[in-house]
Amino acid sequence: MKHPRPDGVDPHARSRARRRALQAVYAWQLSNTAINKVIDQFRNEQDMEVADLEYFEDLVRGVEANLGTLDEALANFLDRDIAQVDPIERAVLRIAAYELRHRLDVPYRVVINEAIETTKRFGSEHGHTYVNGVLDHAAAQWRKAEAQAQRKP
């Protein structure tokens with residue numbers, strides 16, 4: 001299979017991996033099921049061959065492994081406790097925070113755009129504006145050099 005980018009990343013498969021990761025993290029948040037079991041369920045039940053399975057697993061395991069530090073870091077940009085955030089938006093924010101802090105190979109604008117689009121698809125009517133605001137502020141701090149370089153004419 002030929003990838004559209006020279007680095008071998010298929011952006012469409014990555015987008016699908018993020019959507020599946022959102023569903024998996026959402027299910028995990030609500031059920032407190034072991035993360036391995038959630039991943040196995042998605043591997044068996046979802047059409048994972050159209051998604052980047054490796055990236056899906058990295059996102060889901062990354063959120064679970066770094067949950068405390070991700071929530072703590074997000075708290076600086078939230079107007080309420082993380083537990084009070086809508087469960088879909090909470091899952092999106094946790095995945096995006098993981099990408100912004102641990103997947104420096106992914107441009108911050110891609111992370112934010114994917115989070116907004118995923119929230120539009122699965123979240124509440126205006127959830128994407130909340131997610132956008134939180135992640136814009138987070139990226140400006142966590143990816144300061146990259147954000148400043150993007151803003152220069």
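## Charges over aromatic rings

A charge is taken to sit over a ring if NZ of Lys or CZ of Arg is within 6 Å of the ring centre and within 35 degrees of the ring normal. In this predicted model, the charged end of Arg80 is placed in that way over the ring of Tyr130, at 4.5 Å from its centre. A second case involves Arg101, whose charged end sits over the ring of Trp142, 4.8 Å from the centre of that ring.

## The nonpolar core

The largest nonpolar core is made of 46 residues, and those with the most contacts inside it are Phe56, Val60, Leu74, Leu78, Leu93, Leu135 and Trp142. At least two residues of this core are supplied by each of α1 (11-31), α2 (35-45), α3 (53-65), α4 (67-75), α5 (87-102), α6 (108-122) and α7 (127-142), and the largest share, nine residues, comes from α5. Leaving aside residues up to four places away in sequence, Val60 touches Ala21, Ala24, Val25, Ile35 and Ile39.

Helix α5 has 16 residues and reaches 22 Å from its first C-alpha to its last, close to the 22 Å expected at 1.5 Å a residue. Because 13 of its 16 residues are buried, α5 is largely enclosed by the rest of the structure. The N-terminal end of this helix is capped by Asp86, a side-chain oxygen of which lies 3.0 Å from the backbone nitrogen of Ile88.

Arg103 has its place in the loop between α5 and α6, and with a relative accessible area of 16% this arginine is buried, the cut-off being under 20%. The side chains of Arg103 and Asp58 are joined by a polar contact of 2.9 Å; not counting residues up to four places away in sequence, Arg103 touches Arg14, Tyr55, Asp58, Tyr98 and Arg143.

## Aromatic pairs

Two aromatic pairs are found in a search of the whole structure. Phe42 and Phe56 form a tilted pair, with 6.1 Å from centre to centre and 35 degrees between the planes; since Phe42 lies in helix α2 and Phe56 in helix α3, this pair ties together parts that are 14 residues apart in sequence. Phe42 counts as buried at 10% relative accessibility, and Phe56 is buried with a relative accessible area of 0%.

The rings of Phe77 and Trp142 have their centres 5.6 Å apart and their planes at 85 degrees, so this pair is edge-to-face. With Phe77 in the loop between α4 and α5 and Trp142 in helix α7, the pair ties together parts that are 65 residues apart in sequence. Phe77 is buried, its relative accessible area being 18%.

Key
Residues numbered from 1 in each chain as written. Predicted model: local features only at pLDDT ≥ 70, side-chain atom pairs only at ≥ 80, totals over all residues. Heavy atoms only, no water. Core = buried A, V, L, I, M, F, W, Y, C linked by side-chain atoms within 4.5 Å. Buried < 20%, exposed > 50% of the residue type's maximum accessible area, 1.4 Å probe, protein only. Helix = DSSP H or I, 4+ residues; strand = E, 2+ residues; numbered from the N terminus. Contact = heavy atoms within 4.5 Å. Polar contact = N/O pair within 3.5 Å; in protein donor to acceptor, adjacent residues only side chain to side chain. Expected span 1.5 Å × (residues − 1). Phe/Tyr/Trp six-rings, centres within 6.5 Å; stacked < 30°, edge-to-face > 60°.
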